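I am opening a notebook page for this model, and I want to record what I looked up, in the order in which I looked it up.

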Amino acid sequence: MKNPFHVMIIPTLGCPGQCKYCWSSDVNSPKMTAETAEAIVRWLEPLRDQRVTFTFHGGEPLLAGPEFYRTVLPLITSRLAHLSPEFAMQTNLWLMTDELAEILAAYQVPLGSSIDGPETLTNYQRGDEYFARTMAGYRIATAHGLLVRFICTFTNSSVAQKEEIVSFFREQGWVMKLHPALPSLKGDNPNAWTLSPEEYGELLVYLLDEALLHADEFEIMNINDLCRCVFTRSGSVCTYADCMGTTFAVGPDGAIYPCYRFVGMPEWVMGTVYDAPSIDELMASPAGQRMLAYKDHVDTACRACAHIAYCRGGCPYNALAGTSEQVEGVDPHCTAYKRIFDEITSRMEAEMAAGTAAAAPAARMSRVRRKAKPGVMTLVKKIVEQ
Ligand code: SF4
Ligand code: SF4
């Protein structure tokens, strides 16, 4: 992970979009006030002495408006300077304006947005105007020098068009970040779009091959993360690390949760920023105890797994969504994680055994080597050099 401490700020759960598989928006959600933002800063000032990343998430965080960011960004930067704060935002970009882009650019806030593939496919999953509105915001953001990267959500419907989707991202010259449609604790039919663990595993292996085949001109962030996990034997993104006690989310009213995915669920409130709770107090709450119970459960349930050091049972939210919030199983995508971790491990071991680690640059490969399957270590070398 970029920084050891991660605070997600959810200014509202409202969102102007109507994406069919999204369970994290709430039309009646209030918006965070400057007073609550000030309380966040008071809470964090003495809490920890570690580098922190703040991610503005939602709902749709741009709904908070320019005044909110004009106040909050300098407030955090100056009062929490000892934590070397960095920022990020996850937004559909529909509400991006020159004014907002200018404010965010002054703090170099990288933006994550969502496009699921070509326009027709994206609109099928996310709604009729989605693609055009997001691209309009993208043009404004990039004109102001903001870095925008797109998450591509694969559903049980779109996975059949994976070749088309990957070609689209390559043609655009975009880095791809993959997101599988996940089960949810919210909504009436939360599994409607969910990618099965088997489909997800096959998709990851396909994407590994695509990333290797086009390593010079195309990047898939998740594949890099997975290779890094296996090579360094430690988790480098929250799904493959223990997030409890190092990640928190603050909802619009100042309530503190273990992660943005729980925001709006009263049983997952750990405390409120207005009380400035310590980490120990937060983890002693029933929600905190349940997260810690998950960590203990993984130590037992995944004990025999070769990948436990850098998988850690996957995402606790996914696991809890699959068991009606009871700590009874691990992330249901375990099958997919095992599939891709096994694949990377066996390729890596074979390449090392064959003495082809840190494979030679393409230009120097023999004709025979050029025809062979590209090596995982080529990618690892590139990631390490980055
Ligand atoms: S609950 Fe899941 S998504 Fe949230 S921080 Fe933990 S691993 Fe990441
Ligand atoms: S791959 Fe499955 S068994 Fe292994 S650590 Fe991850 S969740 Fe546990």
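Before I read the sheet, I note that two strands pair if DSSP finds at least two bridges between them, and that helices (H or I, at least four residues) and strands (E, at least two) are DSSP runs numbered from the N terminus. The model is predicted, so I keep in mind that local features need pLDDT of at least 70 and side-chain atom pairs count only at pLDDT 80 or more, while totals for chains, interfaces and linings use all residues. Residues are numbered from 1 along each chain as its sequence is written, and chains are lettered from A and ligands numbered from 1 in the order in which they are written.

**Entry: the sheet**

I looked up the strand order and found nine strands in an open sheet, S6-S5-S4-S3-S2-S1-S7-S8-S9, with mixed pairing. The edge strands are S6 (176-180) and S9 (271-272), each of which pairs on one side only.

I then followed S1 (5-9), which pairs with S2 (residues 52-56) in the parallel sense over five bridges, and there Met8 stands opposite Thr55. S1 also runs parallel to S7, joined to it by four bridges, and Val7 stands opposite Phe248 in that strand.

Is S1 buried or exposed? A residue is buried if 20 or more other C-beta atoms lie within 10 Å of its own, exposed if 12 or fewer, and partly exposed in between, with C-beta atoms placed from the backbone. Five of the five residues of S1 are buried, so the strand is largely enclosed by the rest of the structure. Phe5, Val7 and Ile9 point one way, whereas His6 and Met8 point the other way.

**Entry: the core and Ala249**

A nonpolar core is a set of buried Ala, Val, Leu, Ile, Met, Phe, Trp, Tyr and Cys residues joined through C-beta atoms within 7 Å. The largest one has 100 residues, and those with the most contacts inside it are Cys227, Ala249, Val250 and Tyr257.

I followed Ala249, whose bridge partner in S8 is Tyr257; S7 and S8 (residues 255-257) pair in the antiparallel sense over two bridges. Two residues are in contact if their C-beta atoms, placed from the backbone, lie within 7 Å. Leaving aside neighbours within four places in sequence, the contacts of Ala249 include Met8, Ile10 and Phe262.

**Entry: helix H1**

The buried residues of H1 (residues 34-44) are Thr36, Ala37, Ile40, Trp43 and Leu44. They cover an arc of only 115 degrees around the axis (taken from the directions from the helix axis to the C-beta atoms), which puts them on the same side of H1. An α-helix has 3.6 residues a turn, so residues three or four places apart point the same way. The buried residues of H1 pack against S1, H2 (65-79) and S7 (247-250).

Leu226 lies in H8 (residues 221-232) and is buried, with 28 other C-beta atoms within 10 Å. Leu226 and Tyr337 are 111 residues apart in sequence, yet 9.1 Å apart in space, C-alpha to C-alpha.

Tyr337 is also one of the residues around ligand 2, among them Cys302, Cys305, His307 and Cys334, where a residue is near a molecule if its C-beta atom, placed from the backbone, lies within 6 Å of it. The largest share of this shell, three residues, comes from H13.
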